[in-house]
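Here is a short report to read beside the sequence and the 3D view. Keep both open as you go.

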Amino acid sequence: MANPMRATDDGHDDDLIAYLDGELDEDAAAMVEAELARNPRAREKAEAYRKTYELLDYLPKPEPDPSFTTRTLTRLQPVIDGSAATASGSQPIALSASMLGATTRRRVWPELLAWVAGVLVALGIGYLTHLTTRPATQREPEPTAAEIAMIESLPLYVGVDDLDFLKKLDDSELFDDRFHYDDPQVGNQRIDLNKPLDQPTDANRKKLIELFISYPPARQQQIRTLHNQLAVAEPAIRQSLTGTLLRYSLWLDRLPESDRKEILSASTSHARLDAIEQVHERHWRASLTPAQQEKLKKTTIIEERQDLAQEFRERQRAARAEWILAQRQWQQMTGLDHKPWPFSDDALTQQIEGYLKTALGVDMAKLMKKELQPASCRLTSEEIRDLRSSYEAATKEGYWFSYGACLLRLADRHPALPRPSREAIVRFAQVPDDWKRFIPKEAKKGRLEGNSGRWPDFALELHRAPLKADNRLSPLGPTKPGEFDEGFEKFMKDKLLPALSDDQKKRLTQAEGKWPAYSQEALALAREKNLSVPGITLPGAPKEWDRYYRLQAVKK
Amino acid sequence: MMALRDPDIRLMLRVRADDRAAFAELVERYQHRLVAVLAHLIGHKDEAEDLAQEVFLRVYRTRLKYTPKAKFSTWLFTIANNLALNAIRDRHRRKTIPLEVRESGPQGPRTADAFTADRTAPPAHQLQQQELADVIKRAMADLNERQRVAVVLNKFEDMNYADIADVMGLSTKAVKSLLSRARGKLREALQPYIYMDTEPPPHTADEDDGDE
């Protein structure tokens with residue numbers, strides 16, 4: 001019988017340890033026990049194993065930071081939205097739960113309002129009293145109807161002194177959209193806020209009016225002036241300022257009470273800007289993990305500074321993802337009058353209708369009358385329902401984002417291809433002779449038949465029929481310039497070809513003679529050049545569609 | 001069904017169904033164990049916290065892959081193990097943060113050679129608890145990664161060999177041998193310290209018999 005206490009071949013006490021861990025079966029355990037009973041050295045050794053293991057209890061057992069759960073949940077949001085920023089970025093500014101969740105405009109409004117009112121109570125004496133020019137008991141008369149519209153935007157103005165302050169805030173880039181997007185050219189175009197806030201309920205409007213009236217007259221005048229100056233500002237400037245205004249007030253809204261107080265109670269606008277900067281910085285630092293904060297303290301070593309830069313970038317990525325969420329929420333809650341791109345642009349909106357018709361075969365009039373059938377367009381009946389309901393939700397309830405997302409979804413699922421100048425092949429009678437042998441027997445004809453009448457689906461389906469590509473077969477669609485319909489020829493000549501580099505032109509030339517390869521290459525190049533192809537792809541720059549309606553496209 | 005008995009599995013099934021409150025509860029419930037285990041594995045508390053967050057996020061991201069076949073904790077620690085090993089490897093590559101050992105200084109974990117000096121000089125009885133903790137940390141740091149994982153799960157999570165095997169993707173037999181080696185090493189490193197607080201037994205000086 002093997003001596004169980006003898007070490008294994010390479011000198012280890014597997015059985016003894018397993019015995020101590022209670023992992024041996026009865027027989028093996030009995031053998032170890034017998035040996036322990038017989039041999040005092042074995043007992044000593046067992047004791048040493050046990051004791052040394054016990055020593056591990058001296059190791060400090062770290063407890064997570066009390067904020068651990070909160071921090072983890074904050075980092076969860078980008079995960080939920082499938083964004084890229086999840087892996088490592090910490091969150092500089094946590095969006096409040098109501099901004100992140102399935103918030104409707106009905107819920108956000110009272111929240112914004114709550115602190116606006118609360119702040120004024122809390123800061124009744126401190127905030128902006130330096131502006132008081134006469135005793136607060138002397139009230140201005142009731143605001144005129146024309147002023148109501150301005151008062152409805154009050155939540156945006158609460159933390160702002162005047163236009164000069166707002167411009168400085170805008171210059172500070174603390175709330176600059178450009179940090180959140182890849183393309184500085186378009187960063188600030190995201191927010192179009194002629195009418196930034198949703199209509200409040202009557203009760204809330206009343207509260208806002210009361211609030212406004214409670215301001216010292218000088219402050220009232222200041223807000224009026226700011227509102228009017230913004231209204232007449234140059235569009236580009238207004239765009240930038242209102243964007244900053246919105247982001248700043250949302251940020252302010254999410255701050256803890258004490259921080260908000262620090263900002264709002266600053267005695268001059270200059271001090272307020274300082275306070276904003278400090279709170280901003282503080283929140284960024286606090287949002288870093290303890291490890292990151294530690295690194296930040298010792299930035300003298302180059303490597304660590306690089307680490308820091310890396311963290312900074314991650315922070316910005318996280319911030320970018322957050323803003324997208326915030327803005328989507330915002331745009332969902334701002335009602336019918338405010339439409340997101342491209343619906344904010346009447347010309348583009350009309351082109352969308354044209355696109356639906358030519359690329360997807362969808363007649364909007366028929367769609368809305370519930371007369372559209374899968375047989376007469378490229379959509380399934382489910383997709384038809386989807387399109388109709390999201391169009392209705394957009395036009396009737398302001399859910400433009402879901403409509404936009406629906407359009408992008410359909411465009412992705414049913415890419416169109418440019419038509420030939422001659423007749424497009426869409427039914428059996430048009431199939432070229434050399435392809436006839438690939439028409440499946442009756443029983444398997446279903447898919448092809450189902451696509452009968454549809455371009456390019458019918459031809460694509462037929463193209464798939466041969467087991468392997470055969471270059472001797474005649475192409476089923478246009479394969480070089482001169483063979484496309486007028487619209488696409490014009491697009492190629494005027495837009496696409498001039499934009500291409502020599503390499504890109506070469507790519508295109510190499511695909512000549514092949515269908516659908518040539519068309520697909522042309523469309524891929526158009527996409528690379530951020531060009532919309534009339535009647536083939538969604539109207540408006542492809543990158544804009546991605547930016548607004550496809551979260552993944554934001555990640556790098 | 002295991003799922004009916006184990007509240008964590010029920011919780012995880014709710015997480016799988018996108019219940020965020022359940023996820024918060026899960027984080028609340030497991031953070032202490034997870035941070036402790038990761039801190040033991042990578043030797044640095046703050047890094048352990050960061051990593052623990054990653055683990056929870058990974059849990060959320062892969063929630064749909066969870067099936068209530070295994071204990072939830074086994075699944076959790078499987079993820080933790082993978083991420084911890086990756087982190088350790090990354091660290092080796094970047095050579096940035098050493099295991100936090102007080103005397104080690106900026107050069108990183110002290111070498112086994114340096115340790116020999118300590119061992120040959122019998123530890124004084126008045127060795128402070130902090131110093132003892134450092135000695136133990138060092139002994140742990142000197143284990144290889146897999147040995148350390150096995151020890152930490154066995155010792156601090158009280159996991160049996162089969163569960164450790166699941167977490168580490170090994171056979172039970174391999175775990176047995178891994179733990180045996182690890183504990184052999186630990187005994188070698190820590191033996192001089194085990195009788196610090198009590199009278200040493202008579203044979204201490206010549207404890208190692210001819211078996212090794």
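## Terms and ground rules

A residue is called buried under 20% relative accessible area, exposed over 50%, and partly exposed in between (1.4 Å probe, protein chains only). The model is predicted: local features need pLDDT of at least 70, side-chain atom pairs count only at pLDDT 80 or more, and totals for chains, interfaces and linings use all residues. Residues are numbered from 1 along each chain as its sequence is written, chains are lettered from A and ligands numbered from 1 in the order in which they are written, and side-chain values use heavy atoms, with hydrogens and water left out.

## Confidence in chain A

Start with pLDDT, the predictor's confidence in each residue, from 0 to 100. Chain A has a mean pLDDT of 74. In this chain, 69% of the residues reach 70 or more.

Where is confidence lowest and highest in chain A? Helix α5 (residues 97–100) of chain A is lowest, at a mean of 29. Helix α24(A) is highest, at 94. Helices (H or I, at least four residues) and strands (E, at least two) are DSSP runs, numbered from the N terminus.

Two stretches need care. Over residues 82–115 of chain A, pLDDT stays under 50. The model has 94 contacts beyond four places in sequence for that stretch. A contact means heavy atoms within 4.5 Å. Over residues 178–195 of chain A, pLDDT also stays under 50, and the model has 47 contacts beyond four places in sequence there. Where pLDDT is low, the predicted coordinates should not be read in detail.

## Helix α26 of chain A

Helix α26 of chain A covers residues 517–528. The expected span of a helix is 1.5 Å times one less than its number of residues. For the 12 residues of α26(A), that gives 16 Å, and the end C-alpha atoms are 16 Å apart, so the two agree.

Which residues of α26(A) are buried? They are A:Y518, A:S519, A:A522, A:L523, A:L525 and A:A526. Seen down the helix axis, the buried residues of α26(A) fall within an arc of 160 degrees, so they line one face. The arc is that of the directions from the helix axis to the C-beta atoms. Their cover includes α24 (486–499) and α25 (502–510) of chain A.

Most residues other than glycine have a negative phi, and most peptide bonds are trans. The peptide bond from A:W455 to A:P456 is cis, with omega near 0 degrees. A:P456 lies in the loop between α22 (446–450) and α23 (457–463) of chain A. Another cis peptide bond joins A:W515 and A:P516, with omega about 5 degrees. A:P516 sits in the loop between α25 and α26 of chain A.

A:K370 is not a glycine, yet its phi is positive, about 60 degrees. This residue is in the loop between α18 (364–368) and α19 (381–397) of chain A. A:K370 is exposed, with a relative accessible area of 57%. A:N530 is in the loop between α26 and α27 (542–549) of chain A. Is A:N530 exposed, partly exposed or buried? At 23% relative accessibility, A:N530 counts as partly exposed.

## Chain B

Chain B has 10 helices and zero strands. Of its 212 residues, 52% are buried. Residues 24 or more positions apart account for 63% of the chain B contacts with a separation of 6 or more.
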